[in-house]
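This report goes through the model shown below, part by part.

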Amino acid sequence: MDHFLYSDGALYAEDVPISEIAAAVGTPFYVYSTATLLRHFQLFDDALDGMDHLVCYAMKAASNQAILKTLAQAGAGMDVVSGGEYLRARAAGVPGDKIVFSGVGKTADEIHAALSGGIRQFNVESEPEMEVINAIALELGVVAPITVRVNPDVDAKTHAKIATGKSENKFGIPITRASEVYAHAASLPGLEVIGIDVHIGSQLTELEPFELAYTKVAELTEKLRSEGHNIRRLDLGGGLGIPYTRANDAPPLPVEYGALIKKTLGHLGCEIEIEPGRLIAGNAGLMVSKVIYVKSGEGRDFLILDGAMNDLIRPAMYEAHHDIVAVQEPAPGVEQQPYDIVGPVCESGDTFAKERNMPPLSPGDLVAFRSAGAYGAVMSSEYNTRPLIPEVLVHRDQFAVIRERPSFDEIINRDTIPEWL
Ligand code: LLP
């Protein structure tokens, strides 16, 4: 459920007409709903009710300060994967002890910054990384809390580019080597081993891969405890999928996911962390764009928008489907027609959808890409010197620009010309 609904023939974000935002900020833009963000966070928080837990929002999905602050005020922790994300979380007011640092290639500088600023834990992905964290902790005279990310060799049954839990993926240490790696970690005086971390992929639409992975984590917890490690926290990653098509897509609900966690791991008495990103932000955001031209091609009509692959890369990169709806609600019974929906960038890959049935549209009409809140704005670029598009946050009947569209001067002046030119 989200808060982007039609009312009196027009699409709204909560109580604000999308057309009003378009008139104020211009197109294209991203718009997020506070109520949807909070609702999705709450679903996870409620699903783990009865267990000691922390929902650490994977801020890579959408990392605007205003979004982070909205979630942090509701009690969310953050999962960060870079020094930049760590600083963003801190700038949004998230205390260090609610920030988990994940990622396969943390640099010494990033580790140093997080250890000096305060961190809940590092999710360590390799032995060389463990050595670096240990050395920096000793240098700073602190002890670094860590979990080790294990790779359970489970097929997440998702798009190959976002599956992370198979042995061929670069993530974590093979679960089969866990005893050895944990013994090594325990021997390092700058580290305190507190738990286990696992994340098997993103946009999972079945519970079975989670069940396989979490069952392995439960077995590993008991094994490591028997080997003398005080395993008391389990970070279970993110990955629960969202419905991208309204019609027929029904991935498991957070409550079902929570029940699975209780069933597979509840008996261990560990504190549970989860790192959902997409499910919190995905359906809490739209990308709104305007039709520039309608062009008749050979056997097809093209809808040419002012939004492009640089603004929303997911269709080009993952063949991802986004529902696209007209901002003015089509009259009942209006006949739909197929369009190829494209952006202005000079690549055939700049195609959002082929033969997509839409009501008849004309230049100037607005369309909204649904489910664009996660991995939308954060993955955008200025390819073709197209400015990063603004982000807007709605709260009931108010809206605010939470990231401005840069001017062309700002973009161009970021370059510097060497003195020999
Ligand atoms: N934790 C870790 C360690 C992760 O690598 C990820 C996502 C998450 C949590 C959050 O997963 P989520 O709940 O959002 O599925 N750009 C791609 C998705 C990449 C996901 C990468 N890791 C897309 O647009 O589909």
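## Salt bridges overall

A salt bridge is counted here where a side-chain nitrogen of Lys or Arg comes within 4 Å of a carboxyl oxygen of Asp or Glu. By this rule the structure, which is a predicted model, has 19 salt bridges. The count between domain 1 and domain 2 is zero.

One group forms a network: Arg 120, Arg 233, Glu 271 and Glu 273 are linked in it by salt bridges.

Lys 157 and Glu 206 meet through their side chains in a salt bridge, with an N to O distance of 3.5 Å. Lys 157 is in the loop between β9 (144-151) and β10 (173-174), and Glu 206 is in the loop between β11 (191-197) and α8, so this pair ties together parts that are 49 residues apart in sequence. Lys 157 has a relative accessible area of 42% and is partly exposed. Glu 206 is also classed as partly exposed, at 37% relative accessibility.

The salt bridge between Asp 340 and Arg 300 has an N to O distance of 2.7 Å. Because Asp 340 belongs to strand β17 (residues 337-342) and Arg 300 to strand β15 (residues 300-305), the pair ties together parts that are 40 residues apart in sequence. Asp 340 is buried, at 3% relative accessibility, whereas Arg 300 is partly exposed at 34%. In a further pair, Asp 311 forms a salt bridge with Arg 386, and their closest N and O atoms are 2.8 Å apart. Asp 311 sits in the loop between β15 and α11 (314-318), while Arg 386 sits in the loop between β19 (366-369) and β20 (391-395), so parts that are 75 residues apart in sequence are tied together. Asp 311 is buried, with a relative accessible area of 1%. Arg 386 is buried as well, with a value of 16%.

## Domains and their contact

The protein chain is divided into domain 1 (4-31 + 282-412) and domain 2 (34-280). The C-alpha centres of domain 1 and domain 2 are 32 Å apart. Domain 1 gives 25 residues to the contact, and domain 2 gives 24 residues.

About 2000 Å² of area is buried between domain 1 and domain 2. Carbon and sulfur atoms give 53% of this area. As noted above, the salt bridge count between domain 1 and domain 2 is zero.

## Nonpolar cores

In soluble globular proteins, nonpolar side chains tend to be buried together. In this model the largest nonpolar core has 100 residues. Those with the most contacts inside this core are Tyr 57, Met 78, Phe 122, Tyr 214, Leu 234, Leu 236 and Ile 261. Helix α8 (residues 208-226) gives the most to this core, with seven residues. The core draws at least three residues from each of domain 1 and domain 2. Apart from it lies another core, of 18 residues, which includes Ile 18, Val 288, Val 327 and Val 392.

What is Leu 234 in contact with, leaving aside its neighbours within four places in sequence? The residues are Ile 196, Val 217, Thr 221, Leu 265, Leu 268, Cys 270, Glu 271, Ile 272 and Glu 273.

## The three-stranded sheet

An open sheet of three strands has the order β1-β2-β3, and its pairing is antiparallel. Strands β1 (4-7) and β3 (16-17) are the edge strands, each pairing on one side only. Strand β2 (residues 10-13) pairs with β3 over two bridges, and Ala 13 stands opposite Val 16 in β3.

Leu 11 is in strand β2 and is buried, with a relative accessible area of 1%. Leaving aside neighbours within four places in sequence, its contacts are Phe 4, Leu 5, Tyr 6, Val 16, Pro 17, Ile 18, Leu 286, Val 325, Val 327 and Ala 368. Ile 18 and Val 327 in that list are also among the residues of the 18-residue core. Leu 11 and Tyr 30 are 19 residues apart in sequence, and the C-alpha to C-alpha distance between them is 14 Å.

Notes
Residues numbered from 1 in each chain as written. Predicted model: local features only at pLDDT ≥ 70, side-chain atom pairs only at ≥ 80, totals over all residues. Heavy atoms only, no water. Core = buried A, V, L, I, M, F, W, Y, C linked by side-chain atoms within 4.5 Å. Buried < 20%, exposed > 50% of the residue type's maximum accessible area, 1.4 Å probe, protein only. Helix = DSSP H or I, 4+ residues; strand = E, 2+ residues; numbered from the N terminus. Domains from an automatic or database assignment. Contact = heavy atoms within 4.5 Å. Pairing = 2+ DSSP bridges. Buried area = accessible area lost by both parts, 1.4 Å probe.
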